[in-house]
Amino acid sequence: MLSTIALFSSSRRLGNTGQLLDRITSLLEVEVVDLTKLRMSSFDYEHRNRGDDFEPLMRRVLAHDQVIFATPIYWYAVNPAMKVFLDRISDFLELPELLAGGRGLRGKNAYVVCTSISDEPSPEFIGAFAETCVYLGMRLGGVAHANCEAGYLPAKHDPLAEAFAGVVRQAALPPGTAPA
Ligand SMILES: Cc1cc2nc3c(=O)[nH]c(=O)nc-3n(C[C@H](O)[C@H](O)[C@H](O)COP(=O)(O)O)c2cc1C
């Protein structure tokens with residue numbers, strides 16, 4: 001089985017997205033990181049924030065084959081800590097000493113776990129992840145989305161989580177890609 005890390009970001013740990021992710025990860029061996037608990041500041045063109053928690057986190061990410069991005073949809077976009085993480089990936093593309101690491105994202109599988117109060121995740125939200133994966137050379141392997149208008153309902157949403165866990169468990173890397 002490929003090694004997987006889940007990056008979680010929501011304004012509440014045990015809310016809808018947290019419950020969906022917890023059901024998924026209870027069926028897998030996954031390292032789960034709560035981005036909201038980390039000291040990670042916004043992207044800085046001068047890179048004056050290099051001492052915060054981003055670079056050690058990114059090295060943990062790079063040590064895995066697959067990355068699950070878990071976030072609620074807030075205004076057609078990701079939760080703020082997830083946005084900071086995504087922005088900070090630019091550090092690994094801009095700083096010469098980090099570039100090899102940034103290129104190390106190529107060939108990894110990416111997944112999106114998200115909740116909203118709509119039947120489908122908004123196209124803008126999914127489009128941003130899809131384009132980001134293309135840019136980074138990652139393969140978007142799947143999306144788990146739950147309409148949580150009435151909250152996280154185990155009877156309704158657990159089967160989705162279980163099917164998604166199966167996709168992550170059975171995934172292979174794209175041809176020609178070496179495991180982390
Ligand atoms: C600030 C905010 C913005 C939201 N924006 C959207 C949205 O654009 N589309 C949508 O379908 N639901 C939206 N919602 C609903 C949440 O996506 C939904 O309640 C989600 O399940 C919350 O997950 P959580 O419990 O992990 O925070 C929004 C909720 C909040 C609090």
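Which of the 18 residues around the ligand come nearest? I put this to the structure as my opening entry, keeping in mind that it is a predicted model. I found that Gly15, Asn16, Thr17, Pro72 and Ser116 come nearest, out of the 18 residues around the ligand. I then looked up the elements behind this shell, and noted that helix 1 (16–25) and strand 4 (109–116) are the ones that give two or more residues to it. Helix 1 gives the most to the shell around the ligand, namely 3 residues. Sorted by class, the shell around the ligand holds 10 polar residues, 7 nonpolar ones and 1 charged one.

My next entry concerns the largest nonpolar core. I read that it has 42 residues, and that the members touching the most others are Ala6, Leu7, Leu20, Ile68, Phe69, Ala70 and Val113. Strand 4 gives the most to this core, with 5 residues.

For the last entry I turned to helix 2, which spans residues 54–62 and whose buried residues are Phe54, Met58 and Val61. Looking down the axis of helix 2, I noted that its buried residues fall within an arc of 55 degrees, so they line one face of the helix. I also looked up what these buried residues of helix 2 pack against, and recorded strand 1 (4–8), strand 3 (66–72), helix 3 (80–88), helix 4 (91–94) and helix 5 (99–103).

Key. Residues numbered from 1 in each chain as written. Predicted model: local features only at pLDDT ≥ 70, side-chain atom pairs only at ≥ 80, totals over all residues. Near = placed C-beta within 6 Å. Helix = DSSP H or I, 4+ residues; strand = E, 2+ residues; numbered from the N terminus. Nonpolar A, V, L, I, M, F, W, Y, C, P; charged D, E, K, R; others polar. Core = buried A, V, L, I, M, F, W, Y, C linked by C-beta atoms within 7 Å. Buried ≥ 20, exposed ≤ 12 C-beta atoms within 10 Å, placed from the backbone. Arc of directions from axis to C-beta. Contact = placed C-beta atoms within 7 Å.
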